[in-house]
Amino acid sequence: MILDLHGHSIKESSFFYGACEATRNFEDFYNIRLFNAIMSQMESNFTREYSSFYVGEYKSGTARVACSRNFTPFSYTLETSYLSSRNSDYHFSVQDFKGIG
């Protein structure tokens, strides 16, 4: 697995960007998304619905897509808000960020 960590200021919570292209078989298609489902059950500050696994042409140069094509299909970008979860009115603490990963 390859995990690229990013922070952002627009969407709240944490979520994944993955790389599941149409050339992948059904088993890869399912398994690539499985980590997303597990994370959403284990971490309340993770929002599964915000995750995306679509690879548009403009994303073909990103680390997760390059790694997915050349090394492992399990290549993700973990995006985490600088602010808070959509489930709360407070800013993330150090403990929250540790829980997210």
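This is a predicted model: local features need pLDDT of at least 70, side-chain atom pairs count only at pLDDT 80 or more; totals for chains, interfaces and linings use all residues.
**Group meeting: the sheet, its helix and a surface patch**

Now the neighbours. Phe15 has Glu79 of β3 as its bridge partner. His6 also stands opposite Glu79 in β3.

Which strands pair with β3? β2 does, in the antiparallel sense, over four bridges. β1 does too, but in the parallel sense, over seven bridges.

Three strands make an open sheet, ordered β1-β3-β2, with mixed pairing. At the edges are β1, residues 2-8, and β2, residues 14-17; each pairs on one side only. From one strand to the next, the twist averages 25°.

Next, the helix on the sheet. Helix α2, residues 63-70, packs there and touches β1, β2 and β3. Its direction makes about 160° with that of β3.

How covered is β3? Mostly: seven of its seven residues are buried. Look at the two directions. Ser75, Thr77, Glu79 and Ser81 point one way. Tyr76, Leu78 and Thr80 point the other way. Residues on both sides are buried, and that includes Glu79.

Last stop, the surface. Which residues form the nonpolar patch? They are Phe26, Phe29, Tyr30, Leu34, Ile38 and Met42. Together they have about 660 Å² of accessible area. Take Phe29. This residue lies in helix α1, residues 26-42.

Methods. Residues are numbered from 1 along each chain as its sequence is written. Side-chain values use heavy atoms; hydrogens and water are left out. Patches are made of residues with over 30% relative accessible area and no salt bridge: like charges are joined within 9 Å, nonpolar side chains (Val, Leu, Ile, Met, Phe, Trp, Tyr) within 5 Å. Accessible areas come from the Shrake-Rupley method with a 1.4 Å probe; for residues, only the protein chains shown count as cover. A salt bridge is a side-chain nitrogen of Lys or Arg within 4 Å of a carboxyl oxygen of Asp or Glu. Helices (H or I, at least four residues) and strands (E, at least two) are DSSP runs, numbered from the N terminus. Two strands pair if DSSP finds at least two bridges between them. Axes are lines fitted to C-alpha atoms, for helices over the stretch in contact, and angles run from 0 to 180 degrees between N-to-C directions. Contact means heavy atoms within 4.5 Å. Buried means under 20% relative accessible area, exposed over 50%, partly exposed in between (1.4 Å probe, protein chains only).
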